[in-house]
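Good morning, and thank you for the time on the agenda. Please bring the sequence and the structure up on your screens, and we shall go through the chain together.

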Amino acid sequence: MQQLESGETMTIQRRVGLLYDERMCKHHTPDDDYHPENPYRIKAIWNKLLANNIPQRCVVLNAKEAEDKYLLAVHSKNHVNLIRNISSNQFDSRRNRIALKFNSIYFNDGSSEAAYIAAGSVVEVAERVAKGELHSSAAIVRPPGHHAEHDEAMGFCLFNNVAVAASYLLDERPELGIKKILIVDWDVHHGNGTQKMFWKDPRVLFFSVHRHEFGNFYPANDDGFYTMIGEGPGAGYNINVPWENGRCGDADYLAVWDHILIPVAKEFDPDMILVSAGFDAAIGDPLGGCRVTPYGYSVMLKKLMDFAHGKIVLALEGGYNLDSIANSFLACMEVLLESKPIAGSSEAYPFESTWRVIQAVRKKLSAYWPSLADEIPLKLTSQKAPPAHLLISSSDSEDEDEKSPNIVSDNMVKVVQEIVEPLSKLKVEDIHGKDQVARESVPWRSELSKMEIWYATYGSNMWKRRFLCYIQGGQVDGMRKPCPGSMDKNPPKEILWKTFSRRLFFGRESTRTWGPGGVAFLNPETSVDEKTYICMYRITLEQFNDVLFQENIALQENVSSCEMGSPAFHLADLESVEKHGSMSLEVFKKGWYHNVVYLGKEQDIPILTMTCSLSDVERFKSGKVPLCAPCKEYANTLIQGLIEGGQFSEEEAITYIEEASSKPI
């Protein structure tokens, strides 16, 4: 609005840029396996905006690939060279192996182009706003960026898109007058990469609010703690607000805005604001476990519009529930276009832990920002929600109440259904559907869903696609029967490969799933002369119980009547197996994989596998139970897993299986 001399007001049409490019969809998992960071994320957002006529109200911009010289301002030469070349033919045979060296990264033949477009697009929209051609802009980009560090891709991120844009404006285009930049990272995960890139730079005020849980939530370190405030000339210009628990929602975030971010922003007086706009703190997100609504995001953004003359750039980061990210992004676009939040309301009060974190942050930073020195009135901090359910680990999101608001419009249901259709074979749409209702009615599932283990696989489950049959249902080539899948169909949070000094062998004559031929077993005893390659999946203890059940009934008939009214493997059993090394599960005593074996810990998370018992090994040795080579279909799944996991070439994998099949125990 603008005041005229006559006293009347006139509406100034805001010029808002919007950028989306289908080429960023070329980055996906090598075999199109389901992954939370997938092309459907940006397609869902774009379709939502189209359905609401947003592009027609915006200046739609063309994407541009980033130039190496601008990427090199924040990334090392080795890193830029790797991402530039990773999709070329010369990397075809080792691309997957390279990806496994990083934390939560995949590559394919479209990754390089997508990464360059994502970074270049954020630079493009930021430059247009800095020039004054646009009031604000939004870039619907992927892969995301805020975890990417100087010399390392991690957390689904290849280039640090926002950091590249900030560095470009400050160092390459000083004539544009952008001397101070506020970066607001509201992604549910800490922006570790962005923090490190501006750690000593007082020109950039980096603010991140994220789920932390004292270093137990991804990226699972202390970088995101409130004591990390910057160094040297950058001291005080790095602000972390680390949630102690999940389920934080609108009231928690807005309390942080009102009592930390807004006061500091007034003092800092930025020339421009870049938002690392991850929407995985949104209600219903499978990785975030928080409860921010589209209304909450719109209010947070509206409060930022009061600074830098509204020169704001949104760059998509995380967010893995298609409904949530589409609705949340739409709400933010309405704010940029109209400078007002969407209609709605928030829950009444923040958690007690939220007030505790806010006060700790204010105390730590008050020496740098006088506006944080005053005590928050008791009448405010005494208004708090009931305690959150504290999570045991950084597992996927908690069960949502039945009272959670419905944030899916009728129109969006149709749009998202069309987008999700190609994934229907994996039953991804059931993650928050009828299976969720069934889970909520079984108390043990809720408890065990909050504990994580590494499930160590040495047989057909080494092939991720085969293992996902146990999680999301279905079957792969060679399987005679499909798997029903687990109640919780969220994919493994992480995958690692390790070797163990144990003997791999094959026995039994046939199985229900594969037909004639032996299946893989692992000798429970350690042997320094042996070496077995094992693929480890980070899953919940609830999922592990479902896998145990399916694995046993898949092999023989006489365990199919097992009831899952209670878990086969309890928390108490976990303590016992860590103490004693292994335990036989009574409910599966007639099954072939009834012995749970403890293999140690990785990242302080227990590693468990399931195999036969020592007495069963003696029966194999004596010939009472036959040793038998695997059938071709079963062996192929092992070979495929070893190859895709980057452990062997095809010839080496075949030799590995043949040797394990023929060597005496």
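I begin with a single residue. Leaving out residues up to four places away in sequence, Ile140 touches Leu18, Leu19, Tyr20, Met24, Ile42, Ile45, Trp46, Leu49, Leu316 and Phe329, where contact means heavy atoms within 4.5 Å.

Before I go on, a word on the source. This is a predicted model, in which local features need pLDDT of at least 70 and side-chain atom pairs count only at pLDDT 80 or more, while totals for chains, interfaces and linings use all residues. Residues are numbered from 1 along each chain as its sequence is written, and side-chain values use heavy atoms, with hydrogens and water left out.

Ile140 belongs to the largest nonpolar core, which has 132 residues. A nonpolar core is a set of buried Ala, Val, Leu, Ile, Met, Phe, Trp, Tyr and Cys residues joined through side-chain atoms within 4.5 Å. Buried here means under 20% relative accessible area, exposed means over 50%, and partly exposed lies in between, with a 1.4 Å probe and protein chains only. Alongside Ile140, the residues with the most contacts inside this core are Trp186, Phe207, Tyr253, Trp257, Leu274 and Met333. A second, separate core of 72 residues includes Tyr458, Met583, Cys612 and Phe648. In soluble globular proteins, nonpolar side chains tend to be buried together.

Now the chain as a whole. The protein chain has 21 helices and 20 strands; these are DSSP runs numbered from the N terminus, helices being H or I with at least four residues and strands E with at least two. Of the 665 residues, 62% are buried. Among contacts with a separation of 6 or more, 76% are between residues 24 or more positions apart. The chain exposes about 26,100 Å², of which carbon and sulfur atoms supply 48%, by the Shrake-Rupley method with a 1.4 Å probe.

Next, the sheet. What is the order of the strands in the open sheet of 8? The order is β4-β3-β5-β10-β9-β6-β7-β8, with parallel pairing; two strands pair if DSSP finds at least two bridges between them. At the edges stand β4 (59–61) and β8 (238–243), each with a single partner strand, so one side of each is left without a neighbour in the sheet. On average, neighbouring strands are turned by 15° against each other, direction ignored, with axes fitted to C-alpha atoms. On the β4 side, strand β3 (residues 16–19) pairs with β4 in the parallel sense over 3 bridges, and Gly17 stands opposite Val59 in β4.

Further in is β10. Strand β5 (residues 136–139) pairs with β10 in the parallel sense over 4 bridges, with Ser136 opposite Ile312. The pairing of β9 and β10 is also parallel, over 5 bridges, and here Ser276 stands opposite Ala315. In β10, 5 of its 5 residues are buried. Ile312, Leu314 and Leu316 lie on one side, and Val313 and Ala315 on the other. In a regular strand the side chains alternate between the two faces of the sheet.

Helix α9 (residues 294–304) is mostly covered, with 9 of its 11 residues buried. Against which elements do the buried residues of α9 pack? They pack against β6 (181–185), α8 (250–268), β9 (272–277), β10 (312–316) and α10 (322–338). Among these buried residues are Tyr295, Tyr297, Met300 and Leu304.

His28 is found in the loop between β3 and α1 (40–51) and is partly exposed, with a relative accessible area of 22%. The side chains of His28 and Asn108 are joined by a polar contact of 3.4 Å, a polar contact being a pair of N or O atoms within 3.5 Å; within protein, one must be able to donate a hydrogen and the other to accept it, and residues adjacent in sequence count only if both atoms are side-chain atoms.

Leu176, in the loop between α6 (161–172) and β6, is buried at a relative accessible area of 18%. Leu176 and Ala130 are 46 residues apart in sequence and 6.2 Å apart in space, C-alpha to C-alpha.

Beyond four places in sequence, Thr637 touches Ser460, Trp463 and Trp514.

Technical notes:
Axes are lines fitted to C-alpha atoms, for helices over the stretch in contact, and angles run from 0 to 180 degrees between N-to-C directions.
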